[in-house]
Amino acid sequence: MSDIVAALEQLLAENPGPISIAAGIATLRAIGAKDPSEDLQSLVGTFAAERRRAIRFDRFTGAT
């Protein structure tokens with residue numbers, strides 16, 4: 001779990017604006033997360049919200 005937190009903290013640090021759900025899922029996949037995408041989306045969204053960061057819901061739109 002600590003590598004998930006570290007990866008998401010790094011994502012937030014590198015992206016000062018709204019956090020992309022798609023980028024969050026990609027970040028978690030890059031460190032080996034095998035959970036369903038829906039679960040990872042929830043994890044990224046919750047993580048960002050707990051840190052009072054805006055979320056960009058771009059998973060299905062392909063927006064960047």
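Which backbone nitrogen lies 2.9 Å from a polar atom of the side chain of Ser20? Select Ser20 and you will find the backbone nitrogen of Ala23 at that distance. Before going on, note that this is a predicted model, where local features need pLDDT of at least 70, side-chain atom pairs count only at pLDDT 80 or more, and totals for chains, interfaces and linings use all residues. Residues are numbered from 1 along each chain as its sequence is written, and side-chain values use heavy atoms, leaving out hydrogens and water.

Stay with Ser20, which is found in strand E1 (strands are DSSP E runs of at least two residues, helices H or I runs of at least four, numbered from the N terminus). Ser20 counts as buried because its relative accessibility is 8% (buried means under 20% relative accessible area, exposed over 50%, partly exposed in between, with a 1.4 Å probe and protein chains only). Leaving aside neighbours within four places in sequence, Ser20 is in contact with Val44, Arg56 and Asp58 (contact means heavy atoms within 4.5 Å).

Next, select helix H3 (37-50). Its buried residues are Leu40, Val44, Gly45, Phe47 and Ala48. Look down the axis of H3: these residues fall within an arc of 160°, so they line one face of the helix (the arc is that of the directions from the helix axis to the C-beta atoms). They pack against H1, strand E1 (19-20), H2 and strand E2 (55-56). Just after H3, Arg52 takes a positive phi of about 55°.

Finish at Leu12, which touches Ile19, Phe47, Arg51 and Arg53, not counting residues up to four places away in sequence.

How values were computed:
A polar contact is a pair of N or O atoms within 3.5 Å; within protein, one must be able to donate a hydrogen and the other to accept it, and residues adjacent in sequence count only if both atoms are side-chain atoms.
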